[in-house]
Amino acid sequence: MPKKSSQTVKRTGPKKAASRPKSAATAESQLTEYRKKRDFTRTAEPRGGEAPSKQKLAFVIQKHAASHLHYDLRLELDGVMKSWAVPKGPSLDPTVKRLAMQVEDHPIEYNSFEGTIPKGEYGGGTVMLWDRGTYSYGGSDPHPIGGLRRGYQKGDFKFVLQGKRLRGSWVLVRTRRDERGKTQWLLIKHRDEFAAEGSDVTAEHQTSVATRRTMEEIAGGKSRVWHSNRTENVEPGEGKGTGAAAKKTTTHAAPTSAYQRLMARRSR
Ligand code: MN
């Protein structure tokens, strides 16, 4: 028999605030690393910690031309933006897994940042608001916020995006931590009406979702420039199929997704 009743030996001590698991960290404590890396007298990025939390959870994707081009996916949780650097950006193809390196939590105020970070500063380069909107829990837990927190901790983080360019059901699956404590995840689109095999959503959208500027225009400090003749904001699944990226092999026989294969391997 176990020493004491193992039922009562939970990992936290007094469990009074039932709806507040210890994962509900404060924005202040979670932003320590973010602030340590930046000199706010030199960069225009926000210091953070002042945005009121809203009812809906925010998400943003920023295209970031730093030393290597990548897309920063940020999902609000417990007062900060959980953040992943996705080198190839998101894919609407559910057979595709995209590496997502977890980076430090960012302040919610970062969601409206578009511009340039000075050369030589942390993350120096151009930042474009590539997509934004809200997101919700995408799993089966009856408590959405609890489900998000548990999913995040388990490394099986299911969410539904309501953005301008990205919609529908997605998952981030944690795969491993490297020697330096960096955590690797994989970003995968679930099969739903917004999935599109063989599509290339990052190539389709080359301008800011907020200002319609190109990376070059943002880098040049140009203000809002409108291109009425530009073919953008193509609805997912529409006006597609002519792109060179369209795959020839459509494996419709096996309705498995990258996520299903990954989870099957993981549960061995
Ligand atoms: Mn970045």
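Author: Please note at the outset that this is a predicted model. The protein chain has six helices and nine strands, and 32% of its 268 residues are buried.

Reader: Why is strand β2 called largely enclosed by the rest of the structure?

Author: A residue is buried if 20 or more other C-beta atoms lie within 10 Å of its own. Strand β2 covers residues 69-77, and eight of these nine residues are buried, so the strand is largely enclosed by the rest of the structure.

Reader: How do you know that β1 and β2 pair?

Author: Two strands pair if at least two bridges are found between them. Strand β1 (residues 57-65) and β2 are joined by seven bridges and run antiparallel. One example is K63, whose bridge partner in β2 is Y71. The two strands are linked as a hairpin through three residues.

Reader: Which strand is joined to β2 by seven bridges besides, and how does it run?

Author: Strand β3 (residues 80-86) is joined to β2 by seven bridges, and the two run antiparallel. L77, for instance, has V80 in β3 as its bridge partner. Here also there is a hairpin, with two residues between β2 and β3.

Reader: What is the phi of R212, and where does R212 lie?

Author: R212 has a positive phi of about 65° although it is not a glycine. R212 lies in the loop between α4 (201-204) and α5 (215-219). With 16 other C-beta atoms within 10 Å, R212 falls between the two cut-offs and is therefore partly exposed.

Reader: How do you know that β7 pairs with β6 and with β8?

Author: The requirement is again at least two bridges. Strand β6 (residues 125-137) and strand β7 (residues 156-163) have five bridges in the antiparallel sense, and S136 has V160 in β7 as its bridge partner. A hairpin of three residues joins β7 to β8.

Reader: Which residues touch the most other members of the largest nonpolar core?

Author: That core has 40 residues, and L73, L172 and L187 touch the most other members. The largest share of this core, five residues, comes from β6. In soluble globular proteins, nonpolar side chains tend to be buried together.

Reader: What makes W84 and A100 contacts of L172?

Author: A contact requires C-beta atoms within 7 Å of each other. Leaving aside neighbours within four places in sequence, L172 is in contact with W84, A100, F157, W185 and L187.

Reader: What share of the chain's contacts with a separation of 6 or more comes from residues 24 or more positions apart?

Author: Residues 24 or more positions apart account for 63% of those contacts.

Conventions
Residues numbered from 1 in each chain as written. Predicted model: local features only at pLDDT ≥ 70, side-chain atom pairs only at ≥ 80, totals over all residues. Buried ≥ 20, exposed ≤ 12 C-beta atoms within 10 Å, placed from the backbone. Helix = DSSP H or I, 4+ residues; strand = E, 2+ residues; numbered from the N terminus. Contact = placed C-beta atoms within 7 Å. Core = buried A, V, L, I, M, F, W, Y, C linked by C-beta atoms within 7 Å.
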